[in-house]
Amino acid sequence: MKQEIKPEDSSRSQAFCLWMTSPMPMVTLTKTFDITRLVKYSRRKGLKLNMLLCWCIVKAAAGVKEFYTLPEGGKLFVYDCLAVNVIVNNVKGGINSCDIPYIGDFESFSVDYNELTEKVKQSCDSVMRDDCMVVGTSAMVATEIDTIVNQYTDKFSNPMVMWGKYRKRWLKTLLPISFQFHHVQMDGGHAAQFLESLQQTINEI
């Protein structure tokens with residue numbers, strides 16, 4: 001569920017005053033992750049690496065309360081649920097968006113991911129969840145990428161997690177991941193907490 005709240009009654013009151021009218025309120029942090037365990041688990045279980053990454057991302061986000069608040073259209077909203085967005089290549093050669101809800105259960109998430117992305121792929125129709133705060137993702141695996149800074153539009157202030165092709169380094173598999181967020185939604189410390197939690201979630205898969 002989505003509910004408007006008064007910025008002055010929230011923990012983001014000062015940030016709202018400082019950054020809501022900023023022409024560029026987005027901040028991007030990049031961290032190189034060790035995804036060795038995730039890649040091995042993907043191969044052993046026959047699971048899509050992208051699905052596993054999306055699970056880890058939304059699970060880590062669920063542990064940071066700032067993810068449940070989002071500025072939109074000059075207002076501040078609070079949500080009671082999260083979802084992760086996946087860009088799907090459809091059968092017509094284009095792309096569509098697909099939002100997969102987070103309910104805290106990996107098996108259910110895996111089923112939803114496969115069913116929803118396949119539905120979007122075949123129908124060429126996006127599946128959107130307006131009732132959830134959506135963490136966007138974008139995987140550009142055709143090449144290795146050091147960092148990504150996304151465009152900003154006031155029509156879309158959701159956080160974005162982006163990456164390219166992973167890198168084999170001796171006994172490790174490394175992946176630089178860029179995390180872009182709206183400064184009204186969270187501060188750098190919250191973003192750093194999320195990135196640390198993401199690595200821990202990957203390690204514990």
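Helix 3 passes helix 5 in a right-handed crossing, a crossing being right-handed if the near helix is turned clockwise from the far one by less than a right angle and left-handed if anticlockwise. The contact is made by Cys 56, Ile 57, Lys 59, Ala 60 and Ala 61 of helix 3 and by Phe 194, Ser 197, Leu 198, Thr 201 and Ile 202 of helix 5, where contact means heavy atoms within 4.5 Å. By class, this contact has 7 nonpolar, 2 polar and 1 charged residues (Ala, Val, Leu, Ile, Met, Phe, Trp, Tyr, Cys and Pro count as nonpolar, Asp, Glu, Lys and Arg as charged, and the others, Gly among them, as polar). Helix 3 (residues 49–62) and helix 5 (residues 188–203) pack at an angle of about 130°, with their axes 8 Å apart; the axes are lines fitted to C-alpha atoms over the stretch in contact, and angles run from 0 to 180 degrees between N-to-C directions. Helix 3 is therefore oblique to helix 5, given that angles under 35 degrees count as roughly parallel, over 145 as roughly antiparallel, 65 to 115 as roughly perpendicular and the rest as oblique.

The model is predicted, so that local features need pLDDT of at least 70 and side-chain atom pairs count only at pLDDT 80 or more, while totals for chains, interfaces and linings use all residues. Residues are numbered from 1 along each chain as its sequence is written, and side-chain values use heavy atoms, with hydrogens and water left out.

The secondary structure of the chain comes to 5 helices and 10 strands, taken as DSSP runs numbered from the N terminus (helices H or I, at least four residues; strands E, at least two). Of the 205 residues in the chain, 49% are buried (under 20% relative accessible area, with exposed over 50% and partly exposed in between, for a 1.4 Å probe and protein chains only).

His 183 is placed in the loop between strand 10 (172–182) and helix 5, and counts as buried because its relative accessibility is 15%. Leaving aside neighbours within four places in sequence, His 183 is in contact with Arg 12, Ala 15, Trp 19, Pro 25 and Val 27.

Val 78, by comparison, lies in strand 4 (residues 75–79) and is partly exposed, with a relative accessible area of 27%. Not counting residues up to four places away in sequence, Val 78 touches Met 1, Lys 2, Gln 3, Ile 5, Tyr 68 and Thr 69. Val 78 and Glu 4, although 74 residues apart in sequence, are 6.3 Å apart in space, C-alpha to C-alpha.
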